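User: I'm new to this one, could you walk me through it?

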Amino acid sequence: MLTTCPECGADLGPSRVRGEGPWNQDWRRRLRANQQFVPRGELEGDVLTPCGHIVELQYGTLSRIDIEYRERVYGTMVWLFFACKAHREGRLRLGMAPGRPHANFAWIRPRQTIDACRRPVYLDLGESDQADGLHLVLRINRCHPKQSGRLSGSGILYTAEAFHNWMAHGLPLTPFISEAPDHALA
């Protein structure tokens with residue numbers, strides 16, 4: 001039996017209603033029904049973008065085997081991992097350069113299996129106190145050799161709105177550029 005989601009009009013099966021939390025649901029808001037729960041082999045991709053990418057919305061933990069399997073089945077895909085709590089608690093910190101979209105990051109007690117991902121990885125940072133409360137997403141471009149209990153590297157920042165517009169409408173993913181200090185604007 002299918003239930004229709006009052007928010008977006010998507011058809012939701014019983015497992016989808018029970019098994020999906022608010023974070024996943026928030027990312028699905030305003031997506032067309034045919035963009036959600038897209039069959040791929042024995043799996044269902046969370047979101048299908050207009051350009052054909054599967055976006056896997058990953059809130060909880062996932063084993064290395066599950067990551068490898070999803071990447072093999074989905075092919076062209078990206079990961080969006082929940083990292084809001086780690087960023088809010090200060091375990092995932094950013095080093096941002098004013099006027100540039102690039103950021104360095106350091107994550108204490110990171111997700112253990114992120115290094116198993118071979119497809120692009122984005123981290124949902126939530127509302128960032130490092131960007132005046134703006135909801136940010138970080139694409140990890142490079143990771144430094146793993147240290148025990150720590151992951152560091154660099155990436156590019158985007159607003160959550162830009163990421164959602166890419167997912168929903170295929171708009172170009174425009175980087176977030178932090179403002180230069182007032183004295184540097186002269």
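Analyst: What follows goes through the salt bridges and then one glycine. This is a predicted model, in which local features need pLDDT of at least 70 and side-chain atom pairs count only at pLDDT 80 or more, while totals for chains, interfaces and linings use all residues. Residues are numbered from 1 along each chain as its sequence is written, and side-chain values use heavy atoms, with hydrogens and water left out.

User: How many salt bridges does the structure hold?

Analyst: There are eight salt bridges, a salt bridge being a side-chain nitrogen of Lys or Arg within 4 Å of a carboxyl oxygen of Asp or Glu. One of them pairs E20 with R28, with the closest N and O atoms 2.7 Å apart.

User: And is E20 buried or exposed?

Analyst: E20 is buried, at 15% relative accessible area, and R28 is buried at 4%; buried means under 20%, exposed over 50% and partly exposed in between, using a 1.4 Å probe and protein chains only.

User: What about R91 and E89?

Analyst: Their side chains meet in a salt bridge at 3.2 Å, N to O, where R91 is buried at 17% and E89 is partly exposed at 46%. Elsewhere, salt bridges with shared partners join E20, R28 and D46 into one network.

User: Switching topic, where does G95 lie?

Analyst: G95 lies in strand β7, residues 92-96, strands being DSSP runs of E with at least two residues, numbered from the N terminus.

User: Which residues is G95 in contact with, leaving aside its neighbours within four places in sequence?

Analyst: Those are H102, A103 and N104, with contact meaning heavy atoms within 4.5 Å.

How values were computed. Helix = DSSP H or I, 4+ residues; strand = E, 2+ residues; numbered from the N terminus.
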